[in-house]
Amino acid sequence: MQELVGALRSYAWGSRTALAQLCGRPVPSAHPEAELWFGAHPADPARVRRNGSSRSLLDVVTADPDRELGTVTETFGARLPFLLKVLAAEEPLSLQAHPSSAQAAAGFERENRTGVALDSPMRNYRDDSHKPELVVALERFEALAGFRNPRRTVELLRALDVDGLNHYAELLAAQPDSAGLRTLFTTWITLPQQALSTLLPAVLEGCVRYLSGKGDRAFGAEVRTALELAEAYPGDAGVLAALLLNRITLEPGQGLFLDAGNLHAYLRGLGVEIMANSDNVLRGGLTPKHVDVPELLRVLDFEPIDLPIIEPEPDGDGALRYRTPAPEFALSRFDLAPGAEAVVAVDGPGIVLCTAGSARLSQDGEELALDCGGAAWISAADRTVRVRAGSEPTQLFRACVGGGR
């Protein structure tokens, strides 16, 4: 059991307040702060701190994988299979999807073979892993995720009452399935600039009319989101593509799981995110970063899906667990009253993250104080840790390998 210091990453869409407040630092921060990485990904590993010195968690795991990872190495090799983050989005993230295991392995090998540098901004595959992910809201969290039922999308397009959309609405109405969605998405995302410059302003005018009209406004959230995205990314075809996706709101404590191929864009909010230990992202718009439309189309799953919001279920040790099919990770939450105690058991390696209040961890006579925003690395040799909450209500997240606790 050792203190784990997250790697802070700054992106333009990040917040100048959320992570600083969570970690008790001055507000506003000097730069937008987007993510805290608690993991051993080579791009930005967290640091293990002990007795005034620190080491990269990646180095700690590499030096003694048997002790740090235990039997996890039999399935995932000598690496930590998950990456835990705290994500703070003040502005929308890019429209993106993640590859399957086979797609990631093939893409990584292909880019290595063709000589694309690992740190090149043109790189699609930075490792050979898929990236299923789960986000749990710490405050209200807004997202676009998965293709909406095509019939509902036809209703939305018709409700906007834009002449330029009529053709597309009828095309989708004639083929309201994954093939129709693929055709429409591909058409929009590859529109010539001249056509996009005509269609997109007309669509945005239709959005304004829709919101200012009377009667049923069943698509109000979707339409407002389109206008917000257009303001942040003017002239971007991703604004049109966003009209095809489910608009999802997570309340604090609720989760959303995204498997390979699900097109999505996180819009705003603060959340805990856990994923397979990968940084593979295929972008389709709403970003100044590299966009590779042909590669994105290869990995996208166009099957319409109504993504369920995940409510945590009671676990055997007083925790609330967010169940997903991912073998690489499992995430549970402890909500403790002031002074309350709990036993945090971890089969294999794990991370304990404090997101509210404070806690004191103890294991084999050693103690570690965690303030809000702090984390602890639990090696496979440590296993069971006792926790005592501080003088305020305390919230802890436990991240470990799927199939364990």
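Colleague: In which loop is the place of Asp364?

Modeller: Asp364 sits in the loop between β19 (358-363) and β20 (366-371). Helices (H or I, at least four residues) and strands (E, at least two) are DSSP runs, numbered from the N terminus. This is a predicted model, in which local features need pLDDT of at least 70 and side-chain atom pairs count only at pLDDT 80 or more, while totals for chains, interfaces and linings use all residues. Residues are numbered from 1 along each chain as its sequence is written, and side-chain values use heavy atoms, with hydrogens and water left out.

Colleague: Is Asp364 buried or exposed?

Modeller: Buried means under 20% relative accessible area, exposed over 50%, and partly exposed in between (1.4 Å probe, protein chains only). Asp364 has 73% relative accessibility, so it counts as exposed.

Colleague: What is the phi of Asp364?

Modeller: Most residues other than glycine have a negative phi, and most peptide bonds are trans. Asp364 is not a glycine, yet its phi is positive, at about 50°. Leu286 also is not a glycine and has a positive phi, of about 60°. Leu286 lies in the loop between β13 (282-285) and α12 (293-299). With a relative accessible area of 1%, Leu286 is buried.

Colleague: Which side chain reaches the backbone nitrogen of Leu286?

Modeller: A polar contact is a pair of N or O atoms within 3.5 Å; within protein, one must be able to donate a hydrogen and the other to accept it, and residues adjacent in sequence count only if both atoms are side-chain atoms. Here the side chain of Asp236 reaches that nitrogen of Leu286 at 2.9 Å. Asp236 belongs to the loop between α10 (220-232) and α11 (238-242).

Colleague: How far from Asp236 is the nearest side chain of opposite charge?

Modeller: Lys and Arg count as positive and Asp and Glu as negative; His and the chain ends are not counted. A salt bridge is a side-chain nitrogen of Lys or Arg within 4 Å of a carboxyl oxygen of Asp or Glu. Asp236 is buried yet has no salt bridge, and the nearest side chain of opposite charge, Arg283, is 11 Å away.

Colleague: Which peptide bond is cis?

Modeller: The bond joining Val27 and Pro28 is cis, with omega about 0°. Pro28 is in the loop between α1 (18-22) and β3 (35-38).

Colleague: How many residues apart along the chain are Leu69 and Val401?

Modeller: Leu69 and Val401 are 332 residues apart along the chain, and their C-alpha atoms are separated by 9.8 Å. Leu69 is in helix α3 (residues 65-69). At 0% relative accessibility, Leu69 counts as buried.
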